[in-house]
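Please open the structure in the viewer and keep the selection panel at hand.

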Amino acid sequence: MAEEDFKINMLKSFTKEQRQQMVRAFNRDPEMYNAVNGIGGLSETANHGLLQGTTYAGEDIFPGVQVIISTGGKTHATVRTNQYGYYSVNLAAGTYSVVFSHTGGQSEPAEVILTNGKTATLDYDSEAVPEPPKPPEEGGGA
């Protein structure tokens with residue numbers, strides 16, 4: 001991140017209450033907690049990729065969602081989101097199909113491409129309405 005994108009003085013100008021609120025938010029978000037404390041993430045030389053994300057129900061977090069990761073009809077991993085709606089899983093580099101399953105149903109498969117040493121983020125909102133398919137375009141024949 002470029003220095004001009006993030007100004008430490010902005011944080012220094014927070015009131016005590018704003019700083020406490022920020023700390024509470026960081027402690028509730030495992031990804032932010034790890035980033036602030038210098039842990040987590042992948043080494044650039046890792047021989048796998050990391051898939052992570054957060055599940056939501058509209059504006060609220062959605063814990064306990066089952067995340068099913070497969071390719072070619074074979075399930076490679078199944079994880080469940082934690083109390084913060086967060087999940088993460090290390091996988092070999094490749095293309096995966098991800099489905100989020102919960103008591104209200106399940107998502108359409110989403111495709112994710114993982115690369116060694118890189119993190120891919122795939123969030124899910126159970127209340128998001130997928131866009132309807134576009135109607136076929138009219139043929140422009142003579």
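Select Thr78, which lies in strand 4; helices (H or I, at least four residues) and strands (E, at least two) are DSSP runs, numbered from the N terminus. This is a predicted model, in which local features need pLDDT of at least 70 and side-chain atom pairs count only at pLDDT 80 or more, whereas totals for chains, interfaces and linings use all residues. Residues are numbered from 1 along each chain as its sequence is written, and side-chain values use heavy atoms, with hydrogens and water left out.

Leaving aside neighbours within four places in sequence, Thr78 is in contact with Gln66, Val67 and Ile68, where contact means heavy atoms within 4.5 Å.

Next, select residues 66-71 and 74-80. These are strand 3 and strand 4, which run antiparallel and are joined by six bridges; two strands pair if DSSP finds at least two bridges between them. Ile68 has Thr78 as its bridge partner in strand 4. The two strands form a hairpin with two residues between them, and Gly72 in the turn has a positive phi of about 60°.

**Second stop: from strand 3 to strand 6**

Strand 3 and strand 6 pair in the antiparallel sense over five bridges. Gln66 stands opposite Ser101 in strand 6.

Show the side chains of Tyr87, Phe100 and Tyr124, which ring pairs link into a cluster. Rings of Phe, Tyr and Trp (its six-membered ring) pair if their centres lie within 6.5 Å; planes under 30 degrees apart count as stacked, over 60 as edge-to-face and the rest as tilted. By this rule the count comes to two aromatic pairs. Tyr87 and Phe100 form an edge-to-face pair, at 5.9 Å centre to centre and with 70° between the planes. This pair links distant parts of the chain, with Tyr87 in strand 5 (residues 86-91) and Phe100 in strand 6 (residues 94-102), 13 residues apart.

Why is the pair of Phe100 and Tyr124 stacked? The ring centres of Phe100 and Tyr124 are 4.7 Å apart and the planes lie at 5°, so the pair is stacked. Phe100 lies in strand 6 and Tyr124 in strand 10 (residues 124-125), so the pair ties together parts that are 24 residues apart in sequence. Phe100 is buried, with a relative accessible area of 2%; Tyr124 is also buried, at 12%.

Select Leu51, Ile69, Val98 and Phe100. These have the most contacts inside the largest nonpolar core, which has 19 residues; such a core is a set of buried Ala, Val, Leu, Ile, Met, Phe, Trp, Tyr and Cys residues joined through side-chain atoms within 4.5 Å. Strand 1, strand 3, strand 4, strand 5, strand 6 and strand 8 (110-114) each supply at least two residues of this core. Not counting residues up to four places away in sequence, Leu51 touches several residues, including Ile69, Tyr87, Val98 and Leu122.

Then select Gln52, in strand 1 (residues 49-57). Gln52 is buried, with a relative accessible area of 6%. Its side chain and that of Thr121 are joined by a polar contact of 3.3 Å (a pair of N or O atoms within 3.5 Å; within protein, one must be able to donate a hydrogen and the other to accept it, and residues adjacent in sequence count only if both atoms are side-chain atoms).

**Last stop: the whole chain**

Finally, display the entire chain as a cartoon. Its secondary structure comes to three helices and ten strands, in the order α-α-α-β-β-β-β-β-β-β-β-β-β along the sequence. Buried residues make up 25% of the 142 residues.

Conventions
Buried means under 20% relative accessible area, exposed over 50%, partly exposed in between (1.4 Å probe, protein chains only).
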